[in-house]
Amino acid sequence: MVRVILMTDFTEAYARRLLLGISQFARESGQRWSICRLQSTNRREGDLEEVLQFAKLIRANAIIGQFYPSDDVSIFRENGIIAIAQDFKSPIPDIPNITAHHYMAGKLAADYFLKKGFKSFGFYGPVGVAFSEERYAGFRQAIKEANPEYTVSFFQASDEHSMWKFGLEELNNWLRFLPKPVGVLACDDNWAYHITEACQIHDRQKNRTSIPADVSVLGVDNDETICRLCVPHLSSINQKVEQAGYRVAELISRMLKDPSCKGNNINVELGTIVTRRSSDILVNDNPYITTVLRYIHEHLREKISVDDLVGLVPLSRRLLENKFFQSTGSSIYDYIINARVEKMAEYLTEGLTVSEAAFRIGANDTKNISRSFKKIKGMTPMEFRKKQEI
């Protein structure tokens, strides 16, 4: 019997998805596994001794947990218990850590906003938390590489764990004075939720800081519950947490078989960005092109012709096509195909079948959209979908 304690915050989808991955390995391994869930919010910094006594009581083989930098995790090894750290405030030395490509997540978010035409950017996260600072570093670097003149503002909150003390007034002031329109990356979905709350208060106070017209918001983790609690629904970077959970369980199994194995860090791979209403907007210096772009994205599942778009703006067909190419670097036809493929990829990431995803984007001929998908993504929709799975 393999007994594992998972000490984390189960109010978050990240922890539950990690658990699902561990459970899948347990089912497939042929071993008997017992997984004890221990809510990390029940313990305070520095009280690992009590956790250790509980682990010894149930004869745990391993513990996966959110540890503080000051925690002396060596007490587990001294008692024959494998300890693995989940991303929390900073990496824990001398034991395997479940971490992620935080810097690359920041770059992915920056590229996302840059492609939408933003020139003003913001980042919202806590002070002294490694994953947040790494995401900001990648975000800022990608923006400055694109154009050194673009503005990037970092609002660092002082209390990263209090639900009631996240500095609403300071956050309101920061959002109010950011150059608009602005693309804002929050360090995760919980922090993005704070932004949507603040913007709702602005709106009630007639300050009219609206999402996504003024502030376009993007989170990280794609926590479905939080994303759908936000008003409007929150866009977020998906991460392959279940896959990482599976690999963590593999590591524990390997370390139990070979006590000399020190283990290795497990990286949570990045998925795609799931676009919802909070960032479903495009920014362009030319208001006519902005009108056309918004129409395309709002009517992706419909048949869109260039003549339809010409009817939206006071431009000739030739002039519209020229200005569109100058603004986007793409023809109107290619842009529509690419947008449909990206939307289909989002649906596949969410678990829809190829036919369901094709239906959602209005593609009656699955073969045609599959050919376009492979041309743009380098793989078929089915191959892409399988790649998202464990």
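**Entry 1: terms and ground rules**

I take contact to mean heavy atoms within 4.5 Å. Buried, for me, is under 20% relative accessible area, exposed is over 50%, and partly exposed is in between (1.4 Å probe, protein chains only). Helices (H or I, at least four residues) and strands (E, at least two) are DSSP runs, numbered from the N terminus. This is a predicted model, where local features need pLDDT of at least 70, side-chain atom pairs count only at pLDDT 80 or more, and totals for chains, interfaces and linings use all residues. Residues are numbered from 1 along each chain as its sequence is written, and side-chain values use heavy atoms, with hydrogens and water left out.

**Entry 2: helix α10**

I began with α10, residues 287-298. Which residues of α10 are buried? They are Ile289, Thr290, Val292, Leu293 and Ile296. These cover an arc of only 165° around the axis, which puts them on the same side of α10; the arc is that of the directions from the helix axis to the C-beta atoms. I noted that the buried residues pack against α11 (306-310), α12 and α13. Exposed Pro287 and Glu298 sit on the face turned away from the buried side of α10.

**Entry 3: helix α6**

Next I looked at α6 (residues 168-177), where Leu171, Asn172, Trp174 and Leu175 are buried. They cover an arc of only 165° around the axis, which puts them on the same side of α6. On the other side of α6 I found Glu169 and Phe177 exposed. A handy reminder: an α-helix has 3.6 residues a turn, so residues three or four places apart point the same way.

**Entry 4: the sheet**

I then traced an open sheet of six strands, in the order β2-β1-β3-β4-β5-β11, with parallel pairing. Two strands pair if DSSP finds at least two bridges between them. The edge strands, each pairing on one side only, are β2 (33-39) and β11 (266-268). From one strand to the next, the twist averages 20°. Axes here are lines fitted to C-alpha atoms, for helices over the stretch in contact, and angles run from 0 to 180 degrees between N-to-C directions. Helix α1 (residues 13-29) packs on the sheet, and its direction makes about 170° with that of β2.

How many bridges join β1 and β2? I count seven, in the parallel sense, and isoleucine 5 has cysteine 36 in β2 as its bridge partner. Between β1 (residues 2-8) and β3 (residues 62-65) there are four parallel bridges. Six of the seven residues of β1 are buried, so β1 is largely enclosed by the rest of the structure.

I looked up two cis peptide bonds. One joins lysine 180 and proline 181, with omega about -5°, and proline 181 is in the loop between α6 and β8 (182-186). The other runs from isoleucine 211 to proline 212, with omega near 5°.

Is aspartate 94 buried or exposed? Aspartate 94 is exposed, with a relative accessible area of 72%, and its phi is near 75°, a positive value in a residue other than glycine. Aspartate 221 also has a positive phi, near 115°, but is buried at 15% relative accessible area.

Methods: The expected span of a helix is 1.5 Å times one less than its number of residues.
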